[in-house]
Amino acid sequence: MLARCSSGALRGLDALPVTVEVDIAPGLPGLRVVGLADAAAQESRERVRGALRNGGLRVPLTRVVVNLAPADLPKAGPGFDLPIALGLLVASQQLAAAEVEGIWSAGELGLDGRLRPIRGVLALALAARRHGARALVVPAANATEAALVEGLPVWGAGHLVEVVALLRDPGRPRAAPAAAAALPAAAAAGPDLAEVRGQAHGRRALEIAAAGGHHLLLVGAPGSGKTMLAQRLPALLPPLGQQEALEVTQLHSLAGLLAEGAGLRRQRPFRSPHHGCSAAALVGGGALPRPGELSLAHHGVLFLDELAEFRREVLDQLRQPLEEGELWISRAQQRCRFPCRVLLVAATNPCPCGWYGDPSQSCRCGEAQRRRHWGRLSGPLLDRIDLQVVMRRPEAHHLGGAYREGAQRPPAGEASAVVAQRVAAARQRMGQRNPAGAANGQLEGPALAAIVTPEPDALALWERAISQRRLSARGAERVLRVARTIADLASAERVSGAAIAEALSYRSFDQV
């Protein structure tokens with residue numbers, strides 16, 4: 001007898017429909033899985049048999065063939081355990097075909113029949129709704145995540161026997177998760193900008209980066225506060241919108257990083273991979289592609305500390321994704337898309353020993369060592385970073401001020417909440433003016449020319465800087481983007497000469 005059940009296979013950010021066909025025919029007992037299944041999906045044979053037997057259900061003692069259609073679509077992971085088990089129950093007439101019609105299912109089975117959570121359930125739920133599924137059956141630990149998709153009934157279950165009971169009697173009481181219950185309260189604020197002593201130039205660059213979505217490079221000696229500043233950037237960014245939060249949650253679900261029972265992620269991601277990571281770990285990849293750190297930082301901050309310690313061939317793979325905001329990974333059998341609209345913040349020492357240019361410490365590196373150090377950073381990559389800031393170590397009175405008493409204590413810098421208000425106001429101006437509400441850092445070509453209205457002296461200064469500093473076309477365009485953001489922070493309609501001059505002050509390494 002032939003039976004069919006519905007499920008889905010992950011492909012990049014999305015899921016594609018898969019029909020699980022189960023055929024029982026005379027022959028030697030055995031269960032074979034075909035349809036381009038990976039090792040985890042092939043091993044479902046043993047898990048399904050154990051779950052049926054230990055759940056008190058009958059295991060067909062005959063020849064069984066399971067086909068995961070379409071056969072040319074790669075299938076990965078243990079999520080096909082549940083639909084295979086349901087297909088076996090229908091084919092062996094322990095369930096009626098009408099009871100599983102229009103039902104999508106996914107989940108890993110334990111040998112005792114318990115359902116374990118899987119990754120990518122949010123993408124599966126979106127695909128199920130898109131294809132008109134009657135309901136989606138998932139492990140109870142994934143039900144809150146699946147319920148984020150409105151208009152799709154979600155049935156969460158903890159055991160295969162419970163799934164069978166639900167299918168036989170859809171009207172029986174069950175715990176139906178509500179999407180609203182999955183929305184966590186706002187997390188406590190992260191590190192505050194008021195804790196940063198001195199570093200007025202770096203604080204200003206951080207504000208501009210947050211307001212316009214501009215990539216930022218911090219260069220300075222050890223202890224100058226590069227990492228400290230970078231960690232305070234997420235608190236300056238506006239909260240995630242509903243669609244942005246859904247995309248971030250979907251990416252973390254694909255990577256298996258959502259906690260059990262977690263709902264929508266409301267906090268902007270902050271990812272800080274180690275400098276020894278591979279290209280696949282940073283940008284994504286693998287035989288069956290998964291998102292890397294770049295995509296996991298989507299709508300958030302990607303912080304690359306010790307930038308010059310990353311391998312050059314790894315860093316160069318960031319160039320196109322940073323420009324386009326999405327990444328395409330091509331394999332022989334599939335091509336996957338992962339969004340990666342990130343705010344890149346990078347930090348590095350000026351030389352291997354870290355003290356080049358420091359007024360109080362002498363550098364121990366030779367010119368050749370310094371050139372090799374900077375040689376790991378290609379010119380095209382530096383050209384894509386809008387803000388390049390040289391940081392100095394804070395002076396003693398800034399550090400000691402925190403420990404003074406009373407009137408001797410110097411005033412603290414502005415708190416993150418105060419700066420975030422200016423950032424939000426600037427973003428609001430951009431949202432009302434820019435095409436599709438994009439931040440200034442995302443504009444290019446005609447869209448940028450339409451919103452940048454420099455004053456005559458500002459235009460003359462910009463053209464002179466292009467000639468004198470030999471800026472590339474991309475670098476010159478990025479100066480205008482930063483200047484437009486500076487004007488937005490000042491609530492100015494036109495870009496002034498002062499805004500152009502300040503933007504040029506953040507191009508420290510154009511000719512490194």
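Reply: Start with Pro70, which sits in the loop between β4 (63–69) and α3 (81–91); helices (H or I, at least four residues) and strands (E, at least two) are DSSP runs, numbered from the N terminus. This is a predicted model, where local features need pLDDT of at least 70, side-chain atom pairs count only at pLDDT 80 or more, and totals for chains, interfaces and linings use all residues. Residues are numbered from 1 along each chain as its sequence is written, and side-chain values use heavy atoms, with hydrogens and water left out.

Me: Is the peptide bond from Ala69 to Pro70 cis or trans?
Reply: Cis, with omega near 5 degrees. Most peptide bonds are trans.

Me: Where is Glu306, then?
Reply: In the loop between β14 (301–304) and α13 (312–315). Phi of Glu306 is positive, near 55 degrees.

Me: Is Ala436 buried or exposed?
Reply: Exposed, at 88% relative accessibility; buried means under 20% relative accessible area, exposed over 50%, partly exposed in between (1.4 Å probe, protein chains only). Phi of Ala436 is also a positive value, near 60 degrees.

Me: And Glu306, how accessible?
Reply: Partly exposed, at 29%.

Me: New topic. Which residues of α3 meet α7?
Reply: Leu82, Ala85, Leu86 and Leu89, and they meet Leu160, Val163, Val164 and Leu167 in α7. Contact means heavy atoms within 4.5 Å.

Me: What kinds of residues are in that contact of α3 with α7?
Reply: Eight nonpolar, no polar and no charged. Ala, Val, Leu, Ile, Met, Phe, Trp, Tyr, Cys and Pro count as nonpolar, Asp, Glu, Lys and Arg as charged, and the others, Gly among them, as polar.
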